[in-house]
Amino acid sequence: PKWRKCLNLFRYACIPNVYRLFYDATVELCMILDLSPRVDFSLPPDFQRLPQSSRVFQALNGDLYFSNVLKEDSRNDYICYARFPHTQTIQQKQPITLLVLNRKCMCERKPTFLIPSGSSSSKMVLRGQVLELECITEGLPTPEVSWSKLSGEFPDKRTSIVTFQKILRIVNVSDADAGEYRCTAHNHLASIHHTIRVTVKAAPYWITTPRNLVLAPREKGQLICRASGTPKPTINWAMNGIPIENSPEDSNRKVEGDTIIFDEVQTGSSAVYQCNASNEYGYLLSNAFVNVLSETPRVLTPANQVYQVIRNNHALLDCSSFGSPIPKITWFKDSQSSTLEGDPYLLHENGTLEIYVAQALNSGKYICVARNTLGIAENHVYLEVKEPTRILKQPKYKVAQRNMNVVFECKVKHDPTLIPIMIWLKDNGELPDDERFLVDSDSLTITDVTENDAGTYTCIMNTTLDHDSASAELTVVGMYRYPPTDLELTDMKPRSVQLTWIPGDEHKSPIHKFVIQYTDSLHDHGHWHNLTHVPGSKTTAHLELSPYVHYSFRVLALNAVGLSDPSNPSHMYKTNPAAPDENPSGVKGFGTEHNNLMILWKPLSGLQANGPGLQYKVMWRQKDVDKNWTSVTVANVSKFMVSGTPTFTPYEVKVQAINNNGIGPDPAVITGHSGENFPVQAPDSVRVLVLNSTLAEVHWEPVPPKTVRGHLKGYKVYYWRERSLHKHNPHRVEQQLLSFSGNKSHGMLPGLQPYSTYLFNVRVYNGKGDGPASSNLQFETPEGVPGPPSFLRITNSNLNNLTLEWGPPNDRNGHLTGYILKYQQVNNSNELGPIEELALPANKTSVTLPNLKYSTRYKFYFHAKTGQGAGPVITEEAVTIMDEGKCESTLLNVTVHPAAPAFGNVSSSVGEDGMLISWEYWGTEKHANIFQSAFLPAALGEEDWQKEYVNGSQAYVLKGLKEGLSYRVRVVAKGHDDQAVLHQSEELLVTVPAMPSRQADIATQGWFIGLMCAIALLILVLLIICFIKRNKGGKYPVKEKEDAHTDPEFQPMKEDDCTFGEYSDTEDHKPLKGSRTPSNGTVHRDSSDESLVDYGGGDGQFNEDGSFIGQYSGKSSIRETAEAHSPVNTTIVNSFV
């Protein structure tokens, strides 16, 4: 680097590196380098940086300027050095000597500009860079510099004025910073200006960058490449690296400046397009890939993903998809057919569904459906909205003494499905590893605290979704029990005394203050009162005393733990009596009746009396009438009654204290009034202006003040509805009241009933009550719109017509001119069809709509109208019944629509309470269904179905099912009338598992096997006997059937009645022959049965004729069928192998 020499001296004489100039001259020492280092001036010997000021300062280019020189500026060691940060080198110039010569006089000079020169200049800066404007002046006295922008204001937060107001700096320059900036320099001689015109240029910057496109064949699209800059950038396109004008022509592609438009793209036209935006200050380059393909939709988000959020937070449900054309995303919730749009849902462009403020009702299953022209794909996700974690009882600040126990409570409420983790911290770190710290589920206990335990303790409750925390501080102090001692009274005067004492031991807890208390053995013996307090650093107190008191003093010390024990009392100090120093406070004057004046005051205390014989001198006079005061002296009481006063007259009142030693100071005078009486005059010129059917305005003339006879509180308007103009109302409505302030002469009566007659009057009122009422005036409200019809219902639903009935509005508010009925179809996706409108006369209460579409939902809108317009609308929905020719009979003798199934995903699961049946319903009749769950044992016929109404839900628990039996279950949807069956699900076969026996392993015991063999032998003998008797007893037709089984299974004993459960085989599942099965599908044991079954091994029972019928159970079928012709009742046989 090379130095560029620069010297600008005014009135100077010069030798090499030595500058001589007069006392008031200006000098510029200019040391500029070819590179851009940081330039500093310093002074040896320790190279301290030269102090700068508004007179001596360094310019942006490194020059050192003196606006004027002083004698102390003479030095021979001005050194300029340059630091190069990148090379970490410093280059230093030879020292410069400056000699300041004395002149005979100091000549003051007007300001002149050194930099920049002239009256105006210009500067260019690039957008986003730093703008620095410099204004260097000379003159004597030193000129002051200020900045302003002629074309606007300086930008906030980006503008700074530095180097003693010489440099204006604006960072991150924008286009708005262009304009004219003025630098003003002035001293007391003159003021000069320089204008700098700033222009802002800009390298190109993006407004819109081209984005990748995925287009399907014959689809349209466009690439947009927009950039701005100064001057405006030029946009150039290239395809696959080749300028687009040199690329193969494509009739489906058109370039329009910064946009490429694709029209009906063809397969194989995929390419990479480049956009170049450039001007003389730079360029931008961006690539975009245009991919032409056909692809059916695919949902990329994992299926059955569960999202968990905290209530009142926003939830984001992802539905990332791919396809060409780009799939359209729609969302559904649970089994609803309506799409999720509008509040509280927001569908983002990427398919994500956002719920602004998630609530518990938002929990459930969400279905994301991606569609394009080639196909459809869907995905199920689940949202669980959890309760937030909240600390209900936060830990509190504790002050504890050494060796005490401290408990910090932290009680938390959280969602029961989330696992909470409680963490305690001390000073934001882990708790000390000490057994004295005991962490419980909702508390932290510290035993035997020490000084080291002091600090901030924080409880943090974490769940997988959120957390909450709270902190409290623990201060450990020593116990302070030792009271101050050696109380001494000095400097005793009639109204003051000085008290001194010696403090007790602090126990490492500094004393905050001393509390001085006194007791008055003359007036209040034995009761201590706080007199004053002093800081803990003092041991004396100057006490101001009252006359006629027998004082004893004591002192208590206060630190962080609390108050110490009180000291021993001091010697008694008696003060002499004196005249009262003050008069009673709270003096009031008011009347309790219209002819009296009550004077009240707050009596003086014994300490305030200053002596014996306390009395009060009560004085009063009528204001502006009486000159002399009337007075009376009363004993130590708090009130006095003046009788015979005129009504509501102002009085001046004062009360003075007196004792045996004299009277108190002159009392203050207060103004009161004698008692009020009721007003005597009603408001005049009362009139009313009806503004509309529900609002009227009442006017009146204010009453004369003298007739109020009290404090004017305001005016009251009493009004009531006399009757309706449509029909006489025999029950009079209660009066209504509105109050208005006393400065009002009118008021509004809102909420009136249209088409009615009203009466009203106006009264003035004061503190005593209401005055007389004005004459009752009447006004009528005009017609208004009617209220809603009292009801709307569908009374008859046929194949292609519906009958509607309604009732007139309860509030007609005028003459009804008719009704308006509008209706429209509601399709399967809850979209609404065109609206049909029908005008109906006022005297009709029903209508039949013909030519409707069968099995279709209709929505009705109905309202009444008067001459003033239509009233509010009520709505109703109804469904026409199905076409019987297109219905088919079911086992329940109901008809269902043969179209797409309305029920799906009918499933079962076993719970503790019973068998849970759940399903999804896709029928169009969303809002008019009564779901009915029907079930019966698999062996029974269709007439034995049992029904449970489940009231519109989509899950139900079947209770009371018999263990080990199979059941057929189906779900039926009915209309509101509970007659027409709209849809029913397919039958679901469910089996209730048998309860495992606790004694299943008993069959492996030898003694049990032997017992069973003996019982079997006994049964065989009994069977032989019965067979013989039967052959001898005549004709007893008995039908027997045996089903061979080669692999019988052991069935456990039931725990409830100690009988053996049913035997079940999985081969053919046939029922037990002759088993007694009630209609509800359960098997009960008759308590009166006396048979060999009671002994645990037999299976049979005697008939009425004494014959014995026994049978072995075979493998039952899925549907158990009862032998309807069998006349015998048998119990279930248990087989063991």
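Student: Is Cys1026 buried or exposed?
Tutor: This is a predicted model. In it, Cys1026 has 18% relative accessibility. Buried means under 20%, so Cys1026 counts as buried.

Student: And what about Cys1013?
Tutor: Cys1013 is partly exposed, at 48% relative accessibility.

Student: How many disulfides are there in the whole structure?
Tutor: A search finds four. Counting bonded cysteines along the chain, they pair as 1-2, 3-4, 5-6, 7-8.

Student: Which cysteine does Cys135 bond with?
Tutor: Its partner is Cys183, with the sulfur atoms 1.9 Å apart. The pair links distant parts of the chain, 48 residues apart. Cys135 sits in the loop between β14 and β15, while Cys183 is in strand β19. Both Cys135 and Cys183 are buried.

Student: What about Cys410 and Cys459?
Tutor: That link is right-handed, with 55° about the S-S bond. Cys410 is in a loop between β41 and β42 and Cys459 is in strand β47, so the pair ties together parts 49 residues apart in sequence.

Student: New topic. Where is Thr97?
Tutor: Thr97 is in strand β11, residues 96-101. Thr97 counts as buried, at 15% relative accessibility.

Student: How far is Thr97 from Ile79 in space?
Tutor: They are 9.3 Å apart, C-alpha to C-alpha. In sequence, Thr97 and Ile79 are 18 residues apart.

Conventions: Residues are numbered from 1 along each chain as its sequence is written. This is a predicted model: local features need pLDDT of at least 70, side-chain atom pairs count only at pLDDT 80 or more; totals for chains, interfaces and linings use all residues. Side-chain values use heavy atoms; hydrogens and water are left out. Helices (H or I, at least four residues) and strands (E, at least two) are DSSP runs, numbered from the N terminus. Buried means under 20% relative accessible area, exposed over 50%, partly exposed in between (1.4 Å probe, protein chains only). A disulfide is a pair of cysteine sulfur atoms within 2.5 Å.
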